[in-house]
Amino acid sequence: MNNRIEIKSISELLTIQNLNIPSYQRPYKWSTKNMSELLNDINDAMIKRKENSNIDFKYRVGTILLHNNDIDNTMDVIDGQQRIVSLLLILKYLEDCDFIQMNLENKSTQYNLYTNYVFVKDWFALKDDADKNAMRDAFKVLLEVVVITVNKLGEAFQLFDSQNSRGKSLYPHDLLKAYHLREMNDDLFEMKRVVEMWENWDSSHHEWNDIEYLFNSYLFPIINWAENNPTHIFTINDIDVFKGVKSTEIYPYALRTIKAMPVYQITEPFIAGKDFFLMVDYYLALLNYLKSNALRGFDDIKNIIENKSYNGTGFENCKELFYCILLCYYDRFKNLDSKVIRKLFSWAFMIRVDMKTLSHKTINKYAIGGDSSYSNRISMFYKILHSMKPNQISNLNIEITRINDSAQKEKWNPLYKDIKQLNGID
């Protein structure tokens, strides 16, 4: 069977033989808000078709990417699974149809399927049989999708990567996931393992999920700041930074990278494919370790961090900067020297006592260094990247004197006093 592109009605799509959502796909995550938007869009299209009396009017609900899996004799959904499952829930309510094959062991999938199905029932509660019949008819003659069928899994992920990188529907780490799955050369066993690993991380402990938080707040800023470049929100335009080195490359830098694996360094490349997932797993675990264990025995620092009177966005920005520089240092030298930790902490929090207001923009400038507006002008990330031994960091001189001790900063005088005491200054 050749690769092909077809336009199908939703009814035709949902009756494709052996349509399957493979185990390496992410769970079903659409919320009732997503379901409401889908139902309302369909309803609006039905009204428009009726008002215009145009039987040729069609409403296209997106593009579906399928892999023709000859080994398992299935049509595997590579892109569009959230929309497909949501349309199936609607059809399940309207008709007693069977679900396509999918992994229902995931608790998130089970919960979202149940809540969305209940929502569909409630949405139709005030509608009569004529409305329901009209919706059934819309699935056959009004709603359509573009279905792209690809024979090789690698080609499917390549197409997924290219078409989604031009849009805004996916997070950058979703595109990286697709890219590195493609680089695994159809090794379905390993693909299943790393996707399970990926989904286990995808449990939110922050305002973003762990993976996005890791890239956006730690890995990407460290790479930029270590080269004395300003950072920004990690977007789909930046994913080349984390595409790694192909295992087939024969250039000396690539051969050196291949030989170095599985030793990771944030500012150094890794091997594309499985090593990307192992690298993410490593840094998620390392960041969790540093946040939960690095300050054991440093009660003076912990008391400052946990002091509830030191609240506000600016203070939280300093905490994140501290853990970011701590991750950068530990990644380089694999030790938690007490002198270094105190210096890194003092460096990260002196910007708080320096400034009346403190934003991410100021943190960005401070991390690069060299600005005379701040007490410390050290390019700390750059220094760590280019140091050969830990004592090159422990011997740095961190300025503990405010550059401008104005009355406007009185709120942070207690923090300033704590930092001086931490460094043995009266």
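Start by selecting helix α11, residues 274-293: its 20 residues reach 28 Å from the first C-alpha to the last, close to the 28 Å expected at 1.5 Å a residue. That expected span is 1.5 Å times one less than the number of residues. Helices here are DSSP runs of H or I with at least four residues, strands are E runs of at least two, and both are numbered from the N terminus.

Before you go on, note that this is a predicted model, where local features need pLDDT of at least 70 and side-chain atom pairs count only at pLDDT 80 or more, while totals for chains, interfaces and linings use all residues. Residues are numbered from 1 along each chain as its sequence is written, and side-chain values use heavy atoms, with hydrogens and water left out.

**Around α11**

Staying on α11, colour its buried residues, including Phe-276, Phe-277, Tyr-283 and Leu-287. Buried means under 20% relative accessible area, exposed over 50%, and partly exposed in between, with a 1.4 Å probe and protein chains only. Now show what covers them: α7 (172-182), α8 (188-201), α9 (210-226) and α13 (313-333) are among the covering elements.

Next, pick Glu-190 in helix α8. Glu-190 counts as buried because its relative accessibility is 13%. Its side chain makes polar contacts with the side chains of Arg-193 at 3.1 Å and Lys-274 at 3.4 Å. A polar contact is a pair of N or O atoms within 3.5 Å; within protein, one must be able to donate a hydrogen and the other to accept it, and residues adjacent in sequence count only if both atoms are side-chain atoms. Leaving aside neighbours within four places in sequence, Glu-190 is in contact (heavy atoms within 4.5 Å) with Met-184 and Lys-274.

**The cores**

Which residues have the most contacts inside the largest nonpolar core? Select Phe-322, Leu-344, Phe-349 and Phe-381, in a core of 89 residues. The largest share of this core, 13 residues, comes from α13. A nonpolar core is a set of buried Ala, Val, Leu, Ile, Met, Phe, Trp, Tyr and Cys residues joined through side-chain atoms within 4.5 Å. Centre on Phe-381 and, beyond neighbours within four places in sequence, you will find contacts that include Trp-225, Leu-321, Cys-324, Cys-328 and Trp-347. Apart from this core lies another, of 39 residues, among them Trp-30, Met-46, Val-120 and Val-147.

While you are there, look at the cysteines. With a disulfide taken as a pair of cysteine sulfur atoms within 2.5 Å, the count is zero. Cys-328 is in no disulfide, and the nearest cysteine sulfur, that of Cys-324, is 7.4 Å away. Cys-328 counts as buried because its relative accessibility is 8%.

**Strands**

Move to β3 (residues 59-69), which pairs with β5 (residues 143-150) in the parallel sense over seven bridges; pairing requires that DSSP finds at least two bridges between two strands. Tyr-59 stands opposite Leu-143 in β5. On β4 (residues 74-79), five bridges join an antiparallel partner, β3, with Leu-66 opposite Val-77. β3 and β4 form a hairpin with four residues between them, and Asn-73 in the turn has a positive phi of about 60 degrees.

**Last stops in the loops**

Select Pro-262, in the loop between α10 (252-260) and α11. The peptide bond from Met-261 to Pro-262 is cis, with omega near 10 degrees. Finish at Asn-228, in the loop between α9 and α10, where phi is near 60 degrees, a positive value in a residue other than glycine.
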